[in-house]
Amino acid sequence: METGKLEKIFLKALPRRCLVSDRVALRTYECDGLSAYRQPPGLVVLPENTEQVMAALKICRENAIPVVGRGGGTGLSGGALPHPDGIVLSLSKMNRMLEIDPENRIARVQPGVTNLSISKAVEHLGLYYAPDPSSQIACTIGGNIAENAGGVHCLKYGLTVHNVIALKVATIEGDLLEIGDESMTAPGFNLLSLMVGSEGMMGIVVEATVKLLPVPECARVVMGIFESVQDAGDSVAAVIASGIIPAGIEMMDNPAIRAAEAFVNAGYPVDARAILLCELDGIREEVDQQIQAVDRLFRENRATDIRIARDDHERQLFWSGRKAAFPAVGRLSPDYYCIDGTIPRQALGKVLTEIERLSDEYGLRVANVFHAGDGNLHPLILYDAREPGQLEKTIELGSRILNLCIGVGGTITGEHGVGVEKIGEMCTQFTDDERELFHAVRKCLDPQSLLNPGKAIPTLARCAEHGAMHVHEGQLPFPDIERF
Amino acid sequence: MEHREFEPLLKAVGAARHVRAPLAIEGGGTRRFYGREIIGEPLSLADCRGVVEYHPTELVVTVRSGTGVDELEQELNANGQMLGFEPPVCTPGSTIGGSIALGFSGSARPYRGNVQDFVLGIRLLTGDGRIMRFGGQVIKNVAGFDIARLMVGSLGCLGIILEVSLKVIPRPQYECTLCLEIRDADQAVSRFNELTGQPYPVTAASWLDGMARIRLSGSEAGVDAAAKAIGGTKIEDDPFWHQINSQKHRFFSDGGKIKKVSQKPSVPVFAPDRPVLVDWGGALRWYREETGEAELKETVAERGGWLELFRNADRAHEVFALPNPAAMRIQHRLKDVFDPDRILNPGRMYSGL
Ligand SMILES: Cc1cc2nc3c(=O)[nH]c(=O)nc-3n(C[C@H](O)[C@H](O)[C@H](O)COP(=O)(O)OP(=O)(O)OC[C@H]3O[C@@H](n4cnc5c(N)ncnc54)[C@H](O)[C@@H]3O)c2cc1C
């Protein structure tokens, strides 16, 4: 449906100030953090409260208009990519903290609240919200729930799914579902886990209750420097085998180290093949003990040097390079493309060697940052979109890397979601039966498939086509035809 | 064929489906008392057993559903690891598949997480005779909808769990329990809330008969420091936790009706002058014969939370609280997707489901 027509319908139920129809303004919503995919929406609706969300969904249901929910628009898989004939439902105006309950250590928030602002709002109570995606200043809790976002600290403190205890969800059928419960139990099937990570395809989250944790008494970080990625990987295994669960353990390879060091001067050794940043937190006595243990384990696994941050200032400095890794890599090249596969950690050496080989084969540089504790790899492929064919080549290389992850028993996405980006690889990771079941489950909440249609789960036809495209060992036919 | 070893189960489901005969899925059969009445031909998963894959440094174990919980725990223990959700164990008998289907979490639930927090992947046989896999064997995985966690607590009404991958945690180096005499249940719970709001390594907090118990786990240095700050009498290897988890504690032994109430911890404990066991730092309250169903229903309606008729209830009627009508409709649709002929544990959770 075209913009003018959409606007007319929505004006019947919503105030003018909640609608965006201006052609230029609509462009702001044409993509999320994965800007390789762009599509302006027919209309943007900015509800201010739950009633308006429900009113908008009612119109969509009655007129069969596709709805794409949107939070901060930081997603990296094209999950919030608009539908040309539909609306974007942006939750950005619903950004209030509704209730802070320090006694039960929970907070009830609107979906458009940013991840970091929850922790900020409870800081004075000595509490925080644990999942900390690097995008936390901009991404929203609604988007975190839709993607099951993770962060540097999720090995110890869990992903979004572990930290959300209740939701209010507006369904396309006009119900306001209350899912989960503050009492830590809820009757019936476990819809809460189903809703988290459902990529905006089962309902619009209008309220979330999240867990708050006490800020640890003490946090310290160790940097281990290695001559090979394998040694760094072995060190991680050794730490975990010793019974220590670090608050965070991150690896960077040489290209990533160089990029980060050039950008923020964190004091990283630019000649190292790999570094590990290992943060330990908890009670002071425990942390002191664990720091010593990690120091010993890193050395036993051939660390060439070890640095322990002396104070909080130096700890922040060590982290600054890792946190700025994406923009730092971005400075090396006009564009970069972030991959999100997860692998069993023991396959790390094999996978990184193969990525290096593929990088040579495609003539594209790759820098690797790695949530080493939980096996979540983020190879960053450097490319230049202005050069004809480079984007296609980059996407193809990304796909090869994801298939490699599946091959070693991993998965195509650890935290960024499938969106439009990895929909082809879903055909490899799941069977026809499995994908069919996903569609059927989705229809339990969205019988008309109006919520974020075309995302996350490919159709059977799409997979048949994808299969055909792979006949020539990764040599895609018609490389210049858009496949999305 | 990848799923060949499950052929006998597949056949059994196919046959039942053909004549629309209900199946009563059974692990070790230690929880036959739980839920509504059991109908149908028993389908045992006892032969579907064994640890399939276990790499301690990956913190992941993949195990067949009929494997004994005790057997799995032994294997994990040998590697200094454990199941974070502390499933109750009846030895011999309790199976890991049964634990997932029941979704019972032990005393560590508010601190380490519940059953679904540890589920990473599943191999499932649905009521229409399909074997599928969801999730995987890695800790972070958001490909596809989370069908694996949907199975937790589904009481076998959606599918037969054949295999499950679980995140495991290191066994703490040191553990102790602090006993504090606190007369009043509500006072104990506010003490729990106060402690959990601070960075102490609490992994369980319970109250019974004027005695609060707080379990601390971690490195010896950390636990000792916290124990000093909290006070109370310190004991090691307190059998209490295992006793309440497996319901072997005398509190459960009167043979009467056992009711389970879950509420937000700060909600005052109902009828604290009658026998009540408070667990989960205040969120879980167990009641016995002395406290009636009707009054518990009333207090839950008034103050929030859920009532479950855990044991010795009238099982011809509902024993679990009902979700609201909109959520109930979704439950029925899910049932139709996973088990269109409604042959898997029909009515075990709710009548007509
Ligand atoms: C620099 C950078 C670093 C990043 N680092 C991380 C990281 O460390 N870890 C990580 O997990 N991710 C990371 N991301 C990815 C991204 O930030 C997360 O996926 C985040 O959860 C998206 O939130 P958002 O509010 O921006 O959602 P959007 O991008 O707006 O939307 C994402 C999806 O959520 C749906 N959605 C949004 N709101 C709702 C709602 N209220 N109800 C239903 N559906 C909704 C949308 O339809 C879409 O499918 C990073 C991104 C960037 C740009």
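A: The model is a predicted one, and the account begins with strand β11 of chain B, which covers residues 211-218. This strand is mostly covered, as seven of its eight residues are buried. In general, strands of a sheet pair through backbone hydrogen bonds, in either a parallel or an antiparallel sense.

Strand β11 of chain B has two partners to consider. With strand β9 of chain B (residues 174-181), β11(B) pairs in the antiparallel sense over eight bridges. Within that pairing, B:E181 stands opposite B:M211 of β11(B). With strand β10 of chain B (residues 202-208), β11(B) also pairs in the antiparallel sense, over six bridges. Here B:A205 is the residue that faces B:I214 in β11(B). The strands β10(B) and β11(B) form a hairpin with two residues between them. In the turn of this hairpin, B:D209 has a positive phi of about 50 degrees.

The domain assignment divides chain B into domain 1 (4-171 + 333-338) and domain 2 (174-311). The centres of these two domains of chain B, taken over C-alpha atoms, are separated by 27 Å. Across the boundary, twelve residues of domain 1 of chain B are in contact with 14 residues of domain 2 of chain B. On the domain 1 side, this contact has seven nonpolar, two polar and three charged residues.

Chain B also touches chain A. This contact takes 68 residues from chain B and 73 residues from chain A. Several elements of chain B each supply at least two residues to its side, among them α7 (185-196), α8 (220-230) and α11 (325-338). The largest share, seven residues, comes from α11(B). By class, the side of chain B that touches chain A divides into 32 nonpolar, 26 polar and ten charged residues.

Both chains are represented in the nonpolar interior. In soluble globular proteins, nonpolar side chains tend to be buried together. The largest nonpolar core of this model has 247 residues, and those with the most contacts inside it include A:V210, A:I275, B:V119 and B:M151. Strand β14 of chain A (residues 274-282) gives the most to this core, namely six residues. As for A:V210, its contacts beyond four places in sequence include A:I106, A:I118, A:Y129 and A:I165.

Strand β3(A) pairs with strand β4 of chain A (residues 87-90) in the parallel sense over four bridges. In this pair, A:G69 stands opposite A:L89 of β4(A).

The elements β3 (67-70), α5 (141-147) and β10 (204-211) of chain A each supply at least two residues of the shell around the ligand. The largest share of that shell, five residues, comes from α5(A). In total, 36 residues surround the ligand, and A:G71, A:G75, A:G79, A:G142 and A:G143 are the closest. The shell divides into twelve nonpolar, 19 polar and five charged residues.

Finally, two residues of chain A illustrate how burial is assigned. A:L358 lies in helix α14 of chain A (residues 348-362). A:L358 counts as buried because it has 20 C-beta neighbours inside 10 Å. Leaving aside neighbours within four places in sequence, A:L358 is in contact with A:L397, A:R400 and A:I401. A:L358 and A:I401 are 43 residues apart in sequence, and their C-alpha atoms are 8.2 Å apart in space. A:A440, by contrast, is found in helix α17 of chain A (residues 432-445). A:A440 counts as partly exposed because it has 15 C-beta neighbours inside 10 Å. Its C-alpha atom is separated by 35 Å from that of A:L348, which is 92 residues away along the chain.

Definitions and conventions
Residues are numbered from 1 along each chain as its sequence is written. Chains are lettered from A and ligands numbered from 1 in the order in which they are written. This is a predicted model: local features need pLDDT of at least 70, side-chain atom pairs count only at pLDDT 80 or more; totals for chains, interfaces and linings use all residues. A nonpolar core is a set of buried Ala, Val, Leu, Ile, Met, Phe, Trp, Tyr and Cys residues joined through C-beta atoms within 7 Å. A residue is buried if 20 or more other C-beta atoms lie within 10 Å of its own, exposed if 12 or fewer, and partly exposed in between; C-beta atoms are placed from the backbone. Two residues are in contact if their C-beta atoms, placed from the backbone, lie within 7 Å. A residue is near a molecule or strand if its C-beta atom, placed from the backbone, lies within 6 Å of it. Ala, Val, Leu, Ile, Met, Phe, Trp, Tyr, Cys and Pro count as nonpolar, Asp, Glu, Lys and Arg as charged, and the others, Gly among them, as polar. Two strands pair if DSSP finds at least two bridges between them. Domain bounds come from an automatic or database domain assignment.
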